[in-house]
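Welcome! Please take a look at the chain shown below, and then we will walk through some of its parts together.

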Amino acid sequence: EIAREEFMDTKYTRVLLDVYKLVDAEGRANIMLAENPFFIEANSMVDMYLTNYRYYYNKRNTDLMVAFDSLKRKFTDRSAVEEFNDQLLKNFILNEVSSYLQEDLVKLYELMSELAIFLKSPACQYDDTSSGVSRGLYRRLFLFKNRLDPTLQRGPIKFGFFKMRKMRHAHLFACFQYVYYLFYCQRTGDSSFPTSENQATRVSNNSMKPIAAETAEIIAQLQFVSDQVGVPSARAVQDLRTLQYATVESYVTSLIIISGWITFFSGIVFTAGNICLAIDESKDVCEGINDGAMWSLGITAPIAAYLVILLLSRKMGHLIGLHSSMRRKARTSDNPRALRKALGILATQQFATLLRIVAGLGAAFSLICTLEPIGESDKAELVALGSLALQIVSTIFLFLIEYSMRWNLDPKLGEYVCESYKDDIEDIKDIYSRSIPRNNVKTQQIQDKTLWEYVTREFLHRNRFDTLFSANRFGNIMQYLQSGLAKDRYVEHNHFATASVRNLGAFDKDAYSRGGKTRTSGQSGFKSPVVSTRVEFLQL
């Protein structure tokens with residue numbers, strides 16, 4: 001739910017700007033100024049600056065108000081935008097004393113620079129279908145905000161854990177929404193997309209459509225327009241896809257919580273019924289309590305079986321795909337030994353996951369068979385014992401994987417994995433480089449950080465290493481990716497130097513040659529004796 005709120009607060013406008021760039025020139029001309037995303041964002045920034053300016057100086061900045069009001073009349077004119085930007089730079093940013101207010105103006109300058117570059121870029125080629133679908137897509141995404149915002153759980157948190165939410169956001173209603181989403185027929189075909197603003201308005205106002213289904217249809221339409229026009233929109237697709245996954249996983253979590261509460265209270269009632277029967281078997285009330293608890297367990301058993309099939313089978317699918325990919329990369333890897341060791345862990349993980357799937361299904365089947373109308377208690381006991389044995393065996397394998405096999409992995413596993421997939425990573429980077437525009441306002445390091453964040457998410461979405469490695473090994477891969485595949489010469493040959501040690505600023509790189517072969521006896525490479533002692537300890 002926090003991810004969904006983050007999309008609405010920080011990423012929705014960015015996605016709307018990217019989709020606006022896909023609309024043909026005639027369609028952009030028909031968009032009202034109040035619905036232009038560049039104007040909406042610029043107007044919000046100007047209002048924020050004027051509010052802060054009055055707070056700091058206790059007066060109004062009428063010069064900026066006049067300049068922006070004159071821009072409103074010619075907001076889509078490239079020369080007018082460039083003239084406003086020049087005026088913004090020379091008359092306001094350079095003369096602003098407060099760094100906080102200057103930061104607000106720089107953000108506005110960056111946005112208007114992006115608009116000027118877009119208006120200067122050559123027009124794309126559209127046919128009748130792509131132009132109509134692009135207009136319908138923007139209208140649909142513009143109205144999507146009104147559909148998404150009421151579904152967000154923005155209530156306060158009491159007592160540190162209790163989330164206050166509306167009745168429509170309760171777990172029980174979320175379970176019904178999930179079931180409805182599973183059976184809802186999504187229209188993601190090329191011929192099903194709205195080709196005009198009126199059709200898009202009619203489709204978006206369908207209140208019976210689940211919000212996750214609407215998101216999936218918008219993603220499909222966005223990919224269709226992007227392919228037809230030839231303008232990459234990988235960043236917008238990834239942000240929308242994250243929203244869709246977060247919505248569905250929120251539904252699944254509500255299903256888990258509801259089944260957990262039912263099982264918890266059923267266990268209490270079942271225990272009370274057994275105690276009552278142990279005291280007096282002749283009381284019908286005790287038998288009724290016991291039977292009711294058994295029936296409630298029989299209801300939650302299929303839910304548990306469904307969750308087992310959904311979650312563990314999905315994990316098994318990720319492991320199978322990862323196994324096939326890593327086997328291909330191990331043949332051409334510079335360090336195949338590390339990948340082969342990871343493949344051994346992967347095979348063991350697949351076997352343990354398969355045992356858990358069978359154990360979960362067997363447990364659910366045995367619970368259902370114990371109900372009185374079925375009356376297969378003998379078979380249920382055998383299935384339950386078999387499920388228990390499989391669960392114990394799978395737990396042993398998971399313990400072996402966690403505390404033996406993963407423990408002995410190479411500390412440079414992230415580098416070996418990423419270097420083996422370097423061609424795939426470069427292809428993903430090329431796609432996102434064309435999707436994320438660059439400017440001369442932000443530093444190249446900040447823009448590279450944003451680029452590699454999206455590249456990292458896309459690569460780890462295609463190759464689910466999180467299902468194979470634990471948090472520290474998976475984090476090792478993520479950190480190496482987000483560093484831009486840049487090798488640290490010291491870390492490459494000295495594993496004991498951690499990031500925290502390097503950040504102390506006391507490390508003398510000149511004291512270490514490549515591989516440490518020319519280091520003099522007793523030379524630590526650090527200026528501080530405390531740091532030197534720590535590094536010598538880490539060497540041991």
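Which residue with a positive phi follows helix 18? That residue is Gly 484, with phi near 80°. Before going further, please note that this is a predicted model, in which local features need pLDDT of at least 70, side-chain atom pairs count only at pLDDT 80 or more, and totals for chains, interfaces and linings use all residues. Residues are numbered from 1 along each chain as its sequence is written, and side-chain values use heavy atoms, with hydrogens and water left out.

**The chain as a whole**

The secondary structure amounts to 21 helices and two strands. Here helices (H or I, at least four residues) and strands (E, at least two) are DSSP runs, numbered from the N terminus. The chain has 540 residues, and 42% of them count as buried. Buried means under 20% relative accessible area, exposed means over 50%, and partly exposed is in between, using a 1.4 Å probe and protein chains only. Among the contacts in the chain with a separation of 6 or more, 72% join residues 24 or more positions apart; a contact means heavy atoms within 4.5 Å.

**Helix 18 and its cover**

Back to helix 18, which spans residues 471-482. Its 12 residues reach 16 Å from first C-alpha to last, close to the expected 16 Å. The expected span is 1.5 Å times one less than the number of residues. Arg 473, Phe 474, Gly 475, Ile 477, Tyr 480 and Leu 481 are the buried residues of this helix. What covers them includes helix 15 (413-420), helix 16 (422-435) and helix 17 (444-462).

**Helix 7 and two partners**

Helix 7 (residues 128-148) packs with helix 1 (residues 2-20), and helix 7 also packs with helix 10. Axes are lines fitted to C-alpha atoms, for helices over the stretch in contact, and angles run from 0 to 180 degrees between N-to-C directions.

| Helix pair | Axis distance | Angle |
|---|---|---|
| Helix 1 and helix 7 | within 10 Å | roughly 165° |
| Helix 7 and helix 10 | 10 Å | about 150° |

Helix 7 is therefore roughly antiparallel to helix 10, and helix 1 and helix 7 are roughly antiparallel to each other. Angles under 35 degrees count as roughly parallel, over 145 as roughly antiparallel, 65 to 115 as roughly perpendicular and the rest as oblique.

Helix 1 passes helix 7 in a left-handed crossing, and the crossing of helix 7 and helix 10 is left-handed too. A crossing is left-handed if the near helix is turned anticlockwise from the far one by less than a right angle, and right-handed if clockwise.

Which residues meet where helix 1 contacts helix 7? From helix 1 they include Phe 7, Tyr 12 and Leu 16, and from helix 7 they include Leu 137, Phe 142 and Lys 145. By class, this contact of helix 1 with helix 7 has 13 nonpolar, no polar and two charged residues. Ala, Val, Leu, Ile, Met, Phe, Trp, Tyr, Cys and Pro count as nonpolar, Asp, Glu, Lys and Arg as charged, and the others, Gly among them, as polar.

Between helix 7 and helix 10, the residues that meet include Ser 130, Arg 140 and Phe 144 from helix 7, and Glu 214, Ile 218 and Gln 228 from helix 10. The contact of helix 7 with helix 10 divides into 10 nonpolar, seven polar and four charged residues.

**Helix 10 and a neighbour**

Helix 10 covers residues 211-229, and its 19 residues reach 27 Å, close to the 27 Å expected. It is mostly covered, with 16 of the 19 residues buried. Gly 230 follows helix 10, and the phi of this glycine is positive, near 85°.

Gln 244 sits in helix 11 (residues 234-279). Is Gln 244 buried or exposed? Gln 244 is buried, because its relative accessible area is 12%. Its contacts, not counting residues up to four places away in sequence, are Tyr 181, Ala 212, Thr 215, Ala 216 and Ile 219.

**Two loop residues**

Asn 58 is in the loop between helix 3 (37-57) and helix 4 (62-72). Its phi is near 60°, a positive value in a residue other than glycine. Asn 58 is exposed, with a relative accessible area of 67%.

Phe 159 is in the loop between strand 1 (157-158) and strand 2 (162-163). Phi of Phe 159 is positive, near 60°, in a residue other than glycine. Phe 159 counts as exposed, at 72% relative accessibility.
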